[in-house]
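Open the model in your viewer and keep the selection tool ready. This tour goes stop by stop.

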Amino acid sequence: MSKTLFVTGGAGFIGSAVVRLLINKTGYTVVNIDKLTYAGNLESLKSVSDNERYIFEHIDICDKEKITQAFNKYNPVGILHLAAESHVDRSIVGPGEFIQTNIVGTFNLLECARAYYDSLENKDSFKFVHVSTDEVFGSLGNTGYFSETTAYDPRSPYSASKASSDMLARAWFHTYNLPVVITNCTNNYGTFHFPEKLIPLVINNAMRQKPLPVYGRGENVRDWLYVDDHARGILLAFEKGKSGENYCIGGHNERTNLEVVQVICKILDELKPRADGKSYSEQITFVTDRAGHDYRYAMDPTKIQSELGWKPEDTFDTGIKKTVQWYLDNQDWVAHVQSGEYQKWVDTNYTNR
Ligand code: NAD
Ligand code: TYD
């Protein structure tokens, strides 16, 4: 019989890529546990939702009773935990949800997983993969890289909530022997990315003749990874990762924000030229900087490469072309995910979009 894996946040950007990977490339049965916040969209899973190995459970990870019931019902061999509030700007405007889902929700999952794990006869086959971010390491200057040994130094409400949940996950390994593996990945981009984050926001604003908002002078640096490469890293961490360890994931694709926006404009200029013949870069608008804006993130992925054999398949140049084309081809998805809660939030909190 097929083994069962839980994926929390499977209706989100990265979670849906993980679910598609598990259904299309492995034999696992997947139970997608998701609350369906503004960022969760079952439409992102259309290509796999009819598969007999895919199950959806509409559950808030903070709900102890329902999570316990799910463990007892499905007997999973592991849990890939991605459910989170994930947008830094939202965490600045309203940090409460981040504390609730990212910290309290992770605590609840760890506790439910511990009770379930303690009841297992065969303890060798279970693992809890906690998916985290490079943002827990803080902000770099012009040189250097984050790695597994970098001290935590979170600076935004989002990264502080993720760092807290990482600490809880570590503590549950050391104190209760729960087999936990943590991954810390760089900025992802790709298909089904909610259009509030830089890359999909810029693609969509460009096509709607709206300003392309670049914070400050656009000099901040992020290290970009195509989402499917991250999904493969998470699966490897589950299948081969050592309990109690953390693995840093990144593909050495550092770009300033202005470079990212200019590349998108150039690709759009080729694929869908503006009616007036001008470049989309004319729409670039420098706006007030983000509060406490981390300057640079960059990752040294040597450990996951050498110990688990992980290798990214896409560079930024190949991934960004696919991504822009996907948004051009999937405007229905964009219109749909922006029609409800997200639009209300933007209307209340932003005037420059
Ligand atoms: P996302 O915002 O696109 O999706 C989050 C998903 O979690 C949504 O489907 C949402 O409905 C669900 N969710 C939120 N609160 C929930 C709750 N209380 N109970 C159940 N489900 C809930 O996020 P993403 O960008 O796909 O990120 C996924 C994970 O990866 C997060 O843990 C994030 O911290 C981490 N991460 C993200 C990046 C990135 O660049 N996006 C990089 C590294 C790590
Ligand atoms: P974002 O996609 O929100 O990811 P994160 O904050 O987790 O890195 O932002 C990526 C970078 O782009 C970050 O330095 C902030 C910047 N940014 C803009 O310049 N304009 C925007 O409209 C957004 C959303 C982000």
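A nonpolar core is a set of buried Ala, Val, Leu, Ile, Met, Phe, Trp, Tyr and Cys residues joined through side-chain atoms within 4.5 Å. Keep in mind that this is a predicted model.

**Stop 1: the cores**

Select Val 7, Val 18, Val 19, Leu 22, Leu 80, Leu 82 and Ile 234. These residues have the most contacts inside the largest nonpolar core, which has 36 residues. Now colour the elements that each supply at least two residues of this core: strand 1 (4-8), helix 1 (13-25), strand 5 (127-133), strand 6 (180-185), helix 7 (227-240), strand 10 (246-249) and helix 9 (302-308). Which helix gives the most to this core? Helix 1 does, with eight residues.

Zoom in on Val 7. Among the residues Val 7 touches are Gly 15, Val 30, Val 31, Asn 32 and Ile 33. Val 18, Val 19, Leu 22, Leu 80 and Leu 82 also touch Val 7. Then move to Leu 201, Val 260, Tyr 280 and Val 334. They belong to a second, separate core of 34 residues. In soluble globular proteins, nonpolar side chains tend to be buried together.

**Stop 2**

Seven of them form an open sheet with parallel pairing, in the order 3-2-1-4-5-6-10. Which strands stand at the edges? Strand 3 (54-58) and strand 10 do; each has a single partner strand, so one side of each lacks a neighbour in the sheet. From one strand to the next, the twist averages 20 degrees.

**Stop 3: strand 5**

Select residues 127-133, which make up strand 5. Are the residues of strand 5 buried or exposed? Seven of the seven are buried, so strand 5 is largely enclosed by the rest of the structure. Show the side chains. Lys 127, Val 129, Val 131 and Thr 133 point one way, while Phe 128, His 130 and Ser 132 point the other way. In a regular strand the side chains alternate between the two faces of the sheet.

Look to both partners. Strand 5 runs parallel to strand 4, joined by four bridges. Strand 5 also pairs with strand 6 in the parallel sense, over six bridges. Click Phe 128: Ile 79 stands opposite Phe 128, and so does Val 180 in strand 6. Click Ser 132 next; its bridge partner in strand 6 is Asn 184.

**Stop 4: helix 5**

Select residues 157-176. This is helix 5, which lies across strand 5, strand 6 and strand 10 and runs at about 155 degrees to strand 5. Strand 5, helix 5 and strand 6 make a right-handed β-α-β unit.

Within helix 5, find Tyr 158. Tyr 158 has a relative accessible area of 9%, so it counts as buried, the cut-off being under 20%. Other contacts of Tyr 158 include Glu 85, Phe 98, Asn 102 and Thr 133.

**Stop 5: helix 2**

Finish at residues 64-74. Helix 2 packs on the sheet and touches strand 1, strand 2 (29-34), strand 3 and strand 4 (78-81). The direction of helix 2 makes about 160 degrees with that of strand 1. Select Ile 67, Ala 70, Phe 71 and Tyr 74, which are buried. They cover an arc of only 100 degrees around the axis, which puts them on the same side of helix 2. The cover over these buried residues includes helix 4 (96-119). Turn to the other side of helix 2: Glu 65, Asn 72 and Lys 73 are exposed there.

Conventions: Residues are numbered from 1 along each chain as its sequence is written. Chains are lettered from A and ligands numbered from 1 in the order in which they are written. This is a predicted model: local features need pLDDT of at least 70, side-chain atom pairs count only at pLDDT 80 or more; totals for chains, interfaces and linings use all residues. Side-chain values use heavy atoms; hydrogens and water are left out. Buried means under 20% relative accessible area, exposed over 50%, partly exposed in between (1.4 Å probe, protein chains only). Contact means heavy atoms within 4.5 Å. Two strands pair if DSSP finds at least two bridges between them. Axes are lines fitted to C-alpha atoms, for helices over the stretch in contact, and angles run from 0 to 180 degrees between N-to-C directions. A crossover is right-handed if, with the strands pointing away from the viewer, the path from the first strand over the helix to the second runs clockwise. The arc is that of the directions from the helix axis to the C-beta atoms. Lists of a residue's contacts leave out its neighbours within four places in sequence.
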